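Hi,

Here is the structure I promised to pass on. Have a look at it first, then read my notes below.

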Amino acid sequence: MSRIGRFLKSFFLVDMLRGLAVTLRLYFSRKVTVQYPEQVQEPAERFRGIVRLYRDDKGEPLCIACKACQRACGTNCFDIEGKKEEGAKVMRPTKFDWKLDRCTFCGFCVEVCPTNAIRFSREFRLTGTDKDGLLFHLPDMYLAGEDLQSYLCAGCRRPR
Amino acid sequence: MAFKEINLNMGPQHPSTHGVLRLKLAVDNEVVLSVESIIGYLHRGMEKLWENLTYTQVVPLTDRLDYLASLSNNLGYVLAVEKLAGIEVPRRARYIRVVLAELQRLASHLAWLGFQANDIGAMSVLLYGFEARETILDVFEEYCGARLTIHGIRIGGVPHDLDAALAARIRKVLDGIPRRLADIRALLDDNRIWKQRTVGVGRIAADDAIAYGLTGPCLRACGAAWDMRKDVPYSSYDEFDFDVPLGRNGDVYDRYLVRLEEICQSIRIVRQALDGLPEGETSAKVPRVLKVAPAEVFHTIEAPKGILGFYIRSNGTDKPERVKMKSPSFINLQSVEHMCKGNLFSDVVGILGSLDIVLGEIDK
Amino acid sequence: MTPFVADVLIPVGKIVAVILYPMIMVVVMIWLERRVVALMQGRLGPNRVGFQGVLQPVADAVKLFFKEDIMQRQADAFLFNISPVLVMFSSLLAFCFVPLGEPIRIGTYTLTLWIAESPVGLLIILGLSSISVFGVIFGGWASNSKYPLMGALRSVVQVLSYEIPTGLTVLTVAFVARSMDLVEIVRRQEASGTWYGFLMPVSFIVFWISAVAETNRAPFDLPEAESELVAGYHTEYSGMKFAFFYMAEYAHMVLVSSLVVILFFGGWLPPFPSVKALAFLHAVPGFVWYLVKIMFFLYLYVWIRATLPRYRFDALIRLVWKWLIPLALVNFLVVALVRVLR
């Protein structure tokens, strides 16, 4: 490009006009904003949300209190105690404390669980209004959806 | 009126120190006389913490170092452990790692592009860069369920297989990025203000850069060709065809161009890896409790920010005796005074941005 | 019409309107800026409070008014408190001289859409808008903090430098219109049949660039460059005083846009006032035309902000002294020559 051409380009602010054209074009482009409470972006299939315990098809708990998750956990989220009832085939947890505030969502507990009892849910709303909601006991580990939300939220937990 | 030299405290709470970095500047009017970087506001004692965790438990914590490229940290640490324990990783797993690591490089560079442009005042580019980065984070979410602290690599392989559906999705994402880049380049490349703010600013000669230990795109912008992927290949990088972009002047503008070109090269590598994805296992057999005989190892990779190294010494138990990390941001930060001296105060922001530092990695 | 209405009610109403009108425009402008920048960046921007988020700036202002007002102990209390008022006051006062539309005839009474018509209205507006620099430098100095001080220094140098091309280009308009009365300038444009912006494009461009710089807007927003000086001269301000600075900046933008419209784009005149075929455009009230033109320039402000990076200080000064002032001088000479020869 000749020097005159360069000068003219510079004098008539061609570089800036190009930029203005880009922003003007994008002004009319599709927007990426997701209007959160009304529209919720579905998390992916493998989303690592809050971990929770599951039951089998008959409603029996799957957890056998083997403490594999407790050993695998790098941040000491778990405090599990188990007991074998008279006549029962397997151990069942009597205490299953899990601390949401310590969890890093690394997934080691899920990977080591022999009975697939502990799994990631796709629950991504993890906010509460006080610290008590971050400590989960055995019955709370089965909560899901709106029940879980009301557990995390102090205002909703109080009446219980 | 004689304007005396004043000390200016930039940070730890300042919009453009990229975290909790504190710079003590001595300025005369607007000219910078000296820069002293004071770090440690984000120190979490990572290296000591790792000594109390098993080899596998360390991996998710490496996410928290360079949180804009968490997967690269995973890769660096995991490769060091595998070298230490003599684990042979299957070829398919190595390819998947390359795909993920290059996507992470893309995400990191796109985030950098946004931050750098925002520091210099082009605020729309921040959003354009982040929009493109978001599509990559969606791929990570699809692959392993997390977006930022990914934990997407395990010792011995990768946690999940890369199926055809995901590969197709990655290809789609890769198609979208050059379009976004074209917009950004139209906004910045020729723009007189952008050039005036970046060309010739923060110059460092190749010799000085090497003496300061500068690595990564900042070093390559000086014209020194040193890329671990090319020169000391790891994880099957020697099987891919890619170029190492080099700059000439070592200024902020060249760093910008080098990173842009690296984005294109990364797209090329991911495409090749997806095309040539070999069949096979995605993970080697690794004992659940990994015990490593006493030995020591140092392994380096080319992270998006520069050369990332892990030194690990084992003592026969399932926990490392000592882990030392050579973090690229920490070492790149050293040269900030050399680059800033004599420049204007506004340029400190641009230069600091161009180094692409992440405080999680500096303070560990 | 009774004298009470004509002499008391209408003037009081006008005063209220002149205070309210810039405020409403400020609210609209803040909303416009946030929405348009967001849309250009692929986002939606504020769209919850009121229709499409129009009331968002109101909500923000209410929030700011209820926030704690912090003043650091070593600040100079008097100057610290007076400077936001000074900035706000000078912008608002200037609106007294801005004609918003044609006079409206109600019976025998003529309602003028301006408070004061002065033969030197242009000079008064320029003078008043320069007073706001004092607010900025007082605020920056009185904060007794380094970032505000640097912001204030930058601001003074910048505004003073850019006053010169502004003055020179305004002079060309005064030259051609043979008046410094804003109403008269519009009337002259009506009489001559062309807007001065088309007659003197160089004047317009130089004036516009200088005006953007004088209002401290991107790409010349160095005094409050967020990524460098945190918030520039108002770093130490909070609550209502910060809101004053913030609103004054937008009021200043509205004022400058009004000036551009009046000086170069025919104020309340419809497009092509002399073309017979477009006479039907006169059916639209002048005030509407005026608003439409102002909105265009406010939009331009936002558009530029969304696109360009920020100038560095040395380049900013180089631009004004090496390009704009010579250009304005040459332009002034040419206009003067043509004016004399004709």
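In chain C, α2(C) packs against α10(C) through C:Ala61, C:Leu64 and C:Phe65, which meet C:Gly239, C:Met240, C:Phe242 and C:Ala243 of α10(C). "In contact" here means that the C-beta atoms, placed from the backbone, lie within 7 Å. For the classes, Ala, Val, Leu, Ile, Met, Phe, Trp, Tyr, Cys and Pro count as nonpolar, Asp, Glu, Lys and Arg as charged, and the others, Gly among them, as polar.

The axes of α2 (residues 56-66) and α10 (residues 239-264) of chain C come within 6 Å and cross at roughly 140 degrees. That makes α2(C) oblique to α10(C) (under 35 degrees is roughly parallel, over 145 roughly antiparallel, 65 to 115 roughly perpendicular, and the rest oblique). Axes are lines fitted to C-alpha atoms, for helices over the stretch in contact, with angles from 0 to 180 degrees between N-to-C directions. Helices (H or I, at least four residues) and strands (E, at least two) are DSSP runs, numbered from the N terminus.

Before you go further: this is a predicted model, where local features need pLDDT of at least 70, side-chain atom pairs count only at pLDDT 80 or more, and totals for chains, interfaces and linings use all residues. Residues are numbered from 1 along each chain as its sequence is written, while chains are lettered from A and ligands numbered from 1 in the order in which they are written. The predictor gives the complex an ipTM of 0.81 and a pTM of 0.87. Chain C has a mean pLDDT of 82, with 95% of its residues at 70 or more (pLDDT is the predictor's confidence in each residue, from 0 to 100).

On to the interfaces. Chain C puts 21 residues in contact with 25 residues of chain B. On the chain C side, the elements giving two or more residues are α9 (226-229), α11 (286-307) and α12 (313-341). That side splits into 10 nonpolar, 4 polar and 7 charged residues.

Chain B has some sheets to look at. One is an open, antiparallel sheet of 3 strands in the order β4-β5-β6. β4 (295-303) and β6 of chain B are at the edges with a single partner strand each, so one side of each has no neighbour in the sheet. Strands pair if DSSP finds at least two bridges between them; β4(B) and β5(B) have 9, and β5 (residues 306-314) and β6 (residues 320-326) of chain B have 6. B:Ile301 stands opposite B:Leu308 in β5(B), and B:Phe310 opposite B:Met325 in β6(B). In the β5(B)-β6(B) hairpin, with 5 residues between the strands, B:Gly316 takes a positive phi near 90 degrees. Helix α3 (residues 70-85) of chain B lies across β4 and β5, running at about 150 degrees to β4(B).

Another open antiparallel sheet in chain B has 3 strands in the order β1-β2-β3. Its edge strands are β1 (6-10) and β3 (31-38) of chain B, and the twist averages 25 degrees from one strand to the next.

Cheers

Notes:
Contact = placed C-beta atoms within 7 Å.
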